[in-house]
Amino acid sequence: MNPARIRLVRGAFVVLFAVLAGRLFWIQVVKSADYREQAKAQTRMRQILVAPRGAILGADGTALAADDPEGRRDWPWGSLALPLLGMVGRDGRGLMGLEYRWDRELRGTPGWKVARRTGRGQPWPAFDQDGYDPRRGSSVVTTLRPGLQAEVERILSEAVSAHRAQGGVALVLEARTGDVAAAASLPAPTSRQEMAQGRVDAGLVHRTYEPGSTFKIVTLSAALDAGKVDLSTRFAVGPKFDVGDGGRPISDAHPHTGIFDAAGCLEQSSNVCFAQIAGRVGPEKLFRTARDFGFGTPTGVDIPGEEGGILRTVDQWTTRTLPTVAIGQEVSVTPLQLASAYAALANGGVLVRPRLVKAIVGAGGDTIESFPVRPVRRVVSEAAAEKVVRALGLVVDSGTGRLAAIAGQHVAGKTGTSQKPDPANHRYFQDRFMASFVGIVPGKPSPLVCLVVLDDPVQAGHTGGLAAAPSFSRIARFALEDPSLPWGAGAPDPKGTLAAWLERGRKVRIDTGDRARELAGSEGPG
């Protein structure tokens, strides 16, 4: 071979070797760290670890909603308090109810880990490296009493069915704390799948209606507080009251006419008498008292989308407004607003903000935030409140609310039978009503306020005294008798009644005879 060509080939091999050696040096020394990181990235994967969602607890610590071992959201009580608790989406975020309202606290903090990747891109079994564990979300402690909630839902369902009503709302409120111990509404979704199809309707804050005669406590409270009347003040009650605007007069359904004192006017639910009381109170005082009781504005309870009702300012009133507001017309309320007003009377005239959540508790059991009882304002004097409650006792003892009575227990309350507004002609239906009863029962550590309202009952009576008062009695009796509840220490009824109520599927007998109607009395719309 030509010596020159041999040298050329040798030189080429030397250059090639030098290039390869340089490349190897570059890869193995200079860029080794970079390539090691690339190799790790190709053989390892970062996984996000979902944080277990915090629980929603009842007042007694019972779990109403919690994550199960598979990480799915579980509601141990099924559909209990469904509109209040709400639901979560597939991504684990709260969509409705308390799950939505407290989603940030319930969600917790996700963790992560680095795992070896198989050839198919899946995590390599039993190999973890780096990362940190997820932190469970905080738990929300509510004021709900699960056993009472279940009974309230059952009693309301039976009442709606027995009276063939369009729906209804029932709730129990602790007067001194404002705690919502139970709240049910119908119609309501029976599952979270059904709930996902439409808007959540928590009846205690999302439904408004004209309260009718249950609103007369506002008129009487205003009159007593201003010194315009006393319970013994006497009124001449005729069959009608002329408003003075040329329109339809205010009337009563019952035939009782004559001289009645103010307490008797409430006892018999006289619209004619309360129109006269309103004349002594005047528009400004009646409006201020209604506003101070909390009507016309949301209560601030922990439920998204709360309605505020309607209470028009005095400059929007007509000649008819004063006497009609006095009997619970031209004003709309939520059930929770009305129950809170009665609770204010039980508290000696002090309004307390309703409460559905008492505390936020961390995963370790430490209290992160607590929500104390919040008195809002004094509405009327203690003396005026005491007199109104005394008059409400007469309603149950001998007036339109006799079917709300509980043997051996003092009960104070008021019936309501309000005509439903007809939006088509801006008048009232003559044959469609909201039947309601709101009452106060003494209890320790707090008096209880119970409310029952039925939407358009058409069977076995349409008045508050016939349709709503009996269900109030059953709910209040259960609350006072069940030993698992704070107020259940002294059972007013014989042993065994509670067990009878708890018989599932038991049919409720609705007495439509003359005796029931006699006990319930009668009341005109309002």
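What you see is a predicted model, and the protein in it holds 18 helices and 22 strands.

Let's start with the whole chain. Of the 526 residues, 51% are buried. The accessible surface comes to about 24400 Å², and carbon and sulfur atoms account for 53% of that area. If you take the contacts with a separation of 6 or more, 69% of them link residues 24 or more positions apart.

Now to the interior. In soluble globular proteins, nonpolar side chains tend to be buried together. Here the largest nonpolar core has 92 residues, and the members that touch the most others are Leu 204, Leu 220, Phe 295 and Val 449. The element that gives the most to this core is helix α14, residues 335-346, with eight residues. Another core, of 34 residues, lies apart from the largest one, and Val 152, Val 160, Cys 450 and Ala 468 are among its members.

Finally, have a look at the sheet. Six strands form an open sheet with mixed pairing, in the order β4-β3-β2-β9-β17-β18. The edges are β4 (73-74) and β18 (367-370); each has a single partner strand, so one side of each is left without a neighbour in the sheet. Within the sheet, β2 (residues 56-57) and β9 (residues 139-142) run parallel and are joined by two bridges. There, Leu 57 stands opposite Val 141 of β9.

Notes: Residues numbered from 1 in each chain as written. Predicted model: local features only at pLDDT ≥ 70, side-chain atom pairs only at ≥ 80, totals over all residues. Heavy atoms only, no water. Helix = DSSP H or I, 4+ residues; strand = E, 2+ residues; numbered from the N terminus. Buried < 20%, exposed > 50% of the residue type's maximum accessible area, 1.4 Å probe, protein only. Contact = heavy atoms within 4.5 Å. Areas by Shrake-Rupley, 256 points an atom, 1.4 Å probe, with all protein chains shown as cover. Core = buried A, V, L, I, M, F, W, Y, C linked by side-chain atoms within 4.5 Å. Pairing = 2+ DSSP bridges.
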